[in-house]
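Here is a friendly briefing to read alongside the model.

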Amino acid sequence: VVYELRPIKKELISIAEFVTNKKMKFADCTSEVYKKIETENFELSNLLLFISSDFSHPHYQGHKYWFTQFLAGQFINMGFDGVVFNSSLIDTGKNYVFFNPNDCTAINSKLCRVRKIQIQFDNINRQDLL
């Protein structure tokens, strides 16, 4: 949870734990879904990959996020209660977005202070980008 907020050192983060109040139906845009579809329908798997990627990108102030808002609206119209997509920061992470806050109840919360942020990187040659 803390990684997904992209915090800075010494920042305070409030984390809450929720339970759902009903059986939930999620639009699943995770890599597992498009890997299963890839062998049967390459175009659909690429579309799901694009959707997941767009949900995973941070939308900072000033960034136009109309596409993800549009998709969320379509998912709501299709009867989904939320959407799940891959984390852009943690290889095995998944993010869940709940469309209706009344579908969940908070059962716990805690306050954390960010102590350290670790980034790993590799140097690359500019020619490799072409």
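Of the 130 residues in the protein chain, 26% are buried, where buried means under 20% relative accessible area, exposed means over 50% and partly exposed lies in between (1.4 Å probe, protein chains only). This is a predicted model, in which local features need pLDDT of at least 70, side-chain atom pairs count only at pLDDT 80 or more, and totals for chains, interfaces and linings use all residues. Residues are numbered from 1 along each chain as its sequence is written, and side-chain values use heavy atoms, with hydrogens and water left out.

**Overall build**

- The protein chain holds three helices and five strands, which are DSSP runs numbered from the N terminus (helices are H or I with at least four residues, strands are E with at least two).
- Read from the N terminus on, the order of the elements is β-β-α-α-α-β-β-β.
- Counting contacts (heavy atoms within 4.5 Å) between residues at least 6 apart in sequence, 66% join residues at least 24 apart.
- The accessible surface of the protein chain is about 10,400 Å², and carbon and sulfur atoms account for 54% of that surface; areas come from the Shrake-Rupley method with a 1.4 Å probe, and for residues only the protein chains shown count as cover.

**Strands E1 and E5**

- E1 and E5 run antiparallel and are joined by nine bridges; two strands pair if DSSP finds at least two bridges between them.
- Glu 17 stands opposite Asn 108 in E5.
- E5 is hardly covered, with one buried residue among its ten.
- As a general point, side chains in a regular strand alternate between the two faces of the sheet.

- Lys 22 pairs with Asp 81, and their closest N and O atoms are 3.1 Å apart.
- Because Lys 22 sits in the loop between strand E1 (12–20) and E2, and Asp 81 in the loop between helix H3 (66–77) and E3, this pair ties together parts that are 59 residues apart in sequence.
- Lys 22 also forms a salt bridge with Asp 103, with the closest N and O atoms 4.0 Å apart.
- Asp 103 lies in the loop between E4 and strand E5 (104–113) while Lys 22 lies in the loop between E1 and E2, so this pair ties together parts 81 residues apart in sequence.
- Through shared partners, the salt bridges join Lys 22, Asp 81 and Asp 103 into one network.

**Phe 26 and Val 84**

- Phe 26 belongs to strand E2 (residues 26–28) and is partly exposed, with 22% relative accessibility.
- Leaving out residues up to four places away in sequence, Phe 26 touches Phe 80, Gly 82, Val 83, Val 84, Tyr 96, Val 97 and Phe 98.
- The C-alpha atoms of Phe 26 and Ile 76 are separated by 9.7 Å, although the two are 50 residues apart along the chain.
- Val 84 lies in strand E3 and is buried, with a relative accessible area of 4%.
- With the sequence neighbours up to four places away again left out, the contacts of Val 84 include Phe 26, Ala 27, Asp 28, Lys 94 and Tyr 96.
- Val 84 and Thr 30 are 54 residues apart in sequence, and their C-alpha atoms are 6.6 Å apart in space.

**Surface patch**

- Tyr 3, Leu 89 and Ile 90 make a nonpolar surface patch of about 250 Å².
- Patches are made of residues with over 30% relative accessible area and no salt bridge; like charges are joined within 9 Å, and nonpolar side chains (Val, Leu, Ile, Met, Phe, Trp, Tyr) within 5 Å.
- Leu 89 is placed in the loop between strand E3 (82–86) and strand E4 (94–98) and is partly exposed, at 36% relative accessible area.

**Cysteines**

- How many disulfides does a search of the whole structure find? The search finds zero disulfides, a disulfide being a pair of cysteine sulfur atoms within 2.5 Å.
- Cys 104 is buried, with 16% relative accessible area, and Cys 112 is partly exposed, with 23%.

Conventions
Salt bridge = Lys/Arg side-chain N within 4 Å of Asp/Glu carboxyl O.
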